[in-house]
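Here is a friendly note to read alongside the model. Please keep the picture open and find each residue as it comes up.

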Amino acid sequence: MTKQSKTVARARAVAPTVTLTDTAYKTMREYVNQCQYEVSGLGKVEKDADGYKVTEIVVLKQSVTGTTTDIDTDALAKFQHELVTKGEDVGAWWCWWHSHVNMSVFWSRRDLDTIDDSTDFKQLLSIVTNKADEYRVRIDTFEPRLYMDNLNILIEQPETDSAIVEHCKSELASKVCHAAPVMGYKSKYT
């Protein structure tokens, strides 16, 4: 009996490019630059020829500290209800973005836990940014469980837009609440 060898082909995945539209970029930048704490939100994603395009950015009611952000579950449910009422696809909002304020861009343990707990989505596009306009981007697929990290990000011609500046200022004032740390409490994320 002779042994037959099998040739196993290794497929190398081509990482998709993530593009932020001009409006999505400006909106995210304003939220990050105007907030002295971490801030997070969702983004609407479309597939394009090179990968994915984030076309809209929102911030929801949340409690924040210098190193955490917790989106209010009732606010998330209300946002999703409003999308359905308007006839929009809730499933298009599968980008989670957040800031690290003045820290570098990396995936903290809490960030990774948030990603791992986001299995309501088939995929999750995650973006972490900071006030220095640095980015780290990854995409996760939950069935099968795969991810790609350090994706390329492109930004469509950013220019200052005073309407976006005022919109973000108003949204932050009404939806982002700084949560003072509880004295004597030690979190596993501290």
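1. Some ground rules come next. This is a predicted model, in which local features need pLDDT of at least 70 and side-chain atom pairs count only at pLDDT 80 or more, while totals for chains, interfaces and linings use all residues. Residues are numbered from 1 along each chain as its sequence is written, and side-chain values use heavy atoms, with hydrogens and water left out.

2. Now the overall picture. The protein chain has four helices and eleven strands; these are DSSP runs numbered from the N terminus, with helices (H or I) of at least four residues and strands (E) of at least two. Of its 190 residues, 43% count as buried. A contact means heavy atoms within 4.5 Å. Among contacts between residues at least 6 apart in sequence, 67% join residues at least 24 apart.

3. Turn to the aromatic rings. Rings of Phe, Tyr and Trp (its six-membered ring) pair if their centres lie within 6.5 Å; planes under 30 degrees apart count as stacked, over 60 as edge-to-face and the rest as tilted. The structure holds three such pairs. One of them joins Tyr-31 and Trp-97, which are stacked at 6.0 Å centre to centre with 10 degrees between the planes. This pair links distant parts of the chain, since Tyr-31 sits in helix H1 (residues 22-34) and Trp-97 in strand E6 (residues 95-99), 66 residues apart. Tyr-31 counts as buried, because its relative accessibility is 0%.

4. Compare Tyr-52 and Trp-94. Their ring centres are 5.3 Å apart and their planes lie at 85 degrees, so this pair is edge-to-face. Tyr-52 belongs to strand E3 and Trp-94 to the loop between H2 and E6, so the pair ties together parts 42 residues apart in sequence. Tyr-52 is buried, with a relative accessible area of 11%, and Trp-94 counts as buried at 11% relative accessibility.

5. Which residues of H2 are buried? They are Ala-75, Phe-79 and Leu-83. Seen down the helix axis, they fall within an arc of 80 degrees, so they line one face of H2; the arc is that of the directions from the helix axis to the C-beta atoms. An α-helix has 3.6 residues a turn, so residues three or four places apart point the same way. The buried residues of H2 pack against strand E2 (40-48) and strand E3 (51-59). On the face turned away from that buried side are exposed residues, including Lys-78 and His-81.

6. At its start, a side-chain oxygen of Asp-72 reaches to within 3.0 Å of the backbone nitrogen of Asp-74. Just after H2, Gly-87 takes a positive phi of about 80 degrees.

7. Finally, visit helix H4 (residues 162-175). Its buried residues are Ile-164, Val-165, Cys-168, Glu-171 and Leu-172. Viewed down the axis of H4, they fall within an arc of 135 degrees, so they line one face of the helix. Their cover includes H1, E3 and strand E11 (176-178). The face of H4 turned away from its buried side carries the exposed residues Ser-162, Ala-163, Ala-173 and Ser-174.

Definitions and conventions. Buried < 20%, exposed > 50% of the residue type's maximum accessible area, 1.4 Å probe, protein only. Polar contact = N/O pair within 3.5 Å; in protein donor to acceptor, adjacent residues only side chain to side chain.
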